[in-house]
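Visitor: I would like a close look at a single part of this model, the place where its chains meet, and then at what lies around that place. Please state the cut-offs as you go.

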Amino acid sequence: MDDLREIEAVLEAVLFAAGDSVPLEKLSEIIGQDKKTTAGILSGMELKYKNSNRGIMLRQLGSNYQLCTKPEYEEYIAYLGTGRKKQGLSQAAYEVLAIIAYHQPVTKAYVEQVRGVNSDNVIATLLEKNLICEIGRQEGPGRPKLYGTTEEFLRVFGFSSLNDLPKLSMNEIQVVMNDVPVD
Amino acid sequence: MGFEHTASPADVCTIKLKNFEGPLDLLFYLIEKNQINIYDIPIVEITDQYMEYLFAMQQMDLEIASEFLVMAATLLHIKSKLLLPSRKEEEQEEEDPREELVVKLVEYKRIKEFAEILKEREQIWSRVYYKLPEALPESVFEEILDVSPLMLKECYLKCMQNYYERQNDVTHKMERILRREQVSLRLKIKELLARLKRGVKLCFSQLYNLKHMSRIEVATGFLATLEVAKMGRATIYQKEEFGEIYIEPKVQRKG
């Protein structure tokens, strides 16, 4: 299988059949190419989907890939009458998610420190919605659970990887603080 | 310091109070409302406003979470520090008591901004549809063998050789099994039933004794005894623990 177009067709068929996200490793195994080459082909496909008149697109979610519809065709899909009505998150949930996304792996105690308020319920909700998950325990007293974001988080908020998060440099604060005149 | 009350806190409370996510949220709201430079918070005024909100909450019989009270205490502490006259020499070294609060607020502000970004992104990306994962069969591949007739022949010979070897092996095993089966339970039961037919009470130790029988024969004899009792053809009993086992024939009712 050397013809690029043929490989792309294979990947398209496999991704369509899977429906779910498929790990890069699996895809490279299927087309018999190394991971780097496969990732290159996939990002090429991503661009082609994006720039041509296609109803579907290819998304990268961490090291997985998945096909989905383009957001702009939602109103037409709505005619299918799937009746899907997604309930948004609470303000608190967005805040907790924001903290976890930036500081992961992070403990509940840290989240609460930043928000200045108890966050038990919100964390439970986010776990239930599979937007965050336990990714280990912190060494030290009590060995508190450490939380991080999931693939579902990337999917729901349209990120390809955590590197996509808008940069917020925390060092900036120190600089500004030093410039503050003391009155 | 462009700082003024735009509305009485009580008015705002009625609409807004319950929506505060915590003390930082309330503080942040006050700072935004009054268009304060976050790095230069007029602590006296902000503390007063914060306290006014807490009082209003009290009046409305809202339960004030401990977090709000902790923040109130922090604010009052900072306020008192700022109000105290500071000694000139120390001024240079002294840290701004507001610093910790500012760092917290800046961090909180960033998080709030990112939370807003998340909310917007979710709106866009919730319009995307995914196909449900396909329930694929375990494996859709069939193995196709690429063999020449010669290889086929070799495979056949190898198979047959294995077969004969295994066959011999089994024969060997069977012999051992058969030898072991020399004392058969069936035979022992038959023997016992024949003896019981005479209608005499029997002693187990006389029937089966290790002195002139193999261990396996005695054991099989014991199993036969139990089996016969189960069949209802004999009653077995002991007078004492580890004592003699008596086997008494039971008269079979016919019909």
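How many residues of chain A are in contact with how many residues of chain B?

Guide: This is a predicted model, in which local features need pLDDT of at least 70 and side-chain atom pairs count only at pLDDT 80 or more, while totals for chains, interfaces and linings use all residues. Residues are numbered from 1 along each chain as its sequence is written, chains are lettered from A and ligands numbered from 1 in the order in which they are written, and side-chain values use heavy atoms, with hydrogens and water left out.

With contact taken as heavy atoms within 4.5 Å, 55 residues of chain A touch 36 residues of chain B. The area buried between chain A and chain B (the accessible area, for a 1.4 Å probe, that two parts lose on being put together, summed over both) is about 4,400 Å², and carbon and sulfur atoms give 62% of it.

Two salt bridges are counted between chain A and chain B, a salt bridge being a side-chain nitrogen of Lys or Arg within 4 Å of a carboxyl oxygen of Asp or Glu. One of these pairs is B:Arg127 with A:Glu74, at 3.4 Å from N to O. Between chain A and chain B there are also 12 residue pairs in polar contact, both residues at pLDDT 80 or more; the term stands for a pair of N or O atoms within 3.5 Å, where within protein one must be able to donate a hydrogen and the other to accept it, and residues adjacent in sequence count only if both atoms are side-chain atoms.

Helices (H or I, at least four residues) and strands (E, at least two) are DSSP runs, numbered from the N terminus. On the side of chain A that touches chain B, the elements that give two or more residues include helix 1 (4-18), strand 2 (56-61), strand 3 (64-69) and helix 4 (74-78) of chain A. Helix 5 of chain A gives the most to this side, with 10 residues. By class, the side of chain A that touches chain B has 31 nonpolar, 12 polar and 12 charged residues, where Ala, Val, Leu, Ile, Met, Phe, Trp, Tyr, Cys and Pro count as nonpolar, Asp, Glu, Lys and Arg as charged, and the others, Gly among them, as polar.

Three strands of chain A form an open sheet in the order 1-3-2, with antiparallel pairing; two strands pair if DSSP finds at least two bridges between them. Strand 1 (22-23) and strand 2 of chain A stand at the edges with a single partner strand each, so one side of each is left without a neighbour in the sheet. Strand 1 and strand 3 of chain A are joined by two bridges, and A:Val22 stands opposite A:Tyr65 in strand 3 of chain A. Helix 1 of chain A lies across strand 1, strand 2 and strand 3 of chain A, at about 75° to strand 3 of chain A; axes are lines fitted to C-alpha atoms, for helices over the stretch in contact, and angles run from 0 to 180 degrees between N-to-C directions.

Most peptide bonds are trans.
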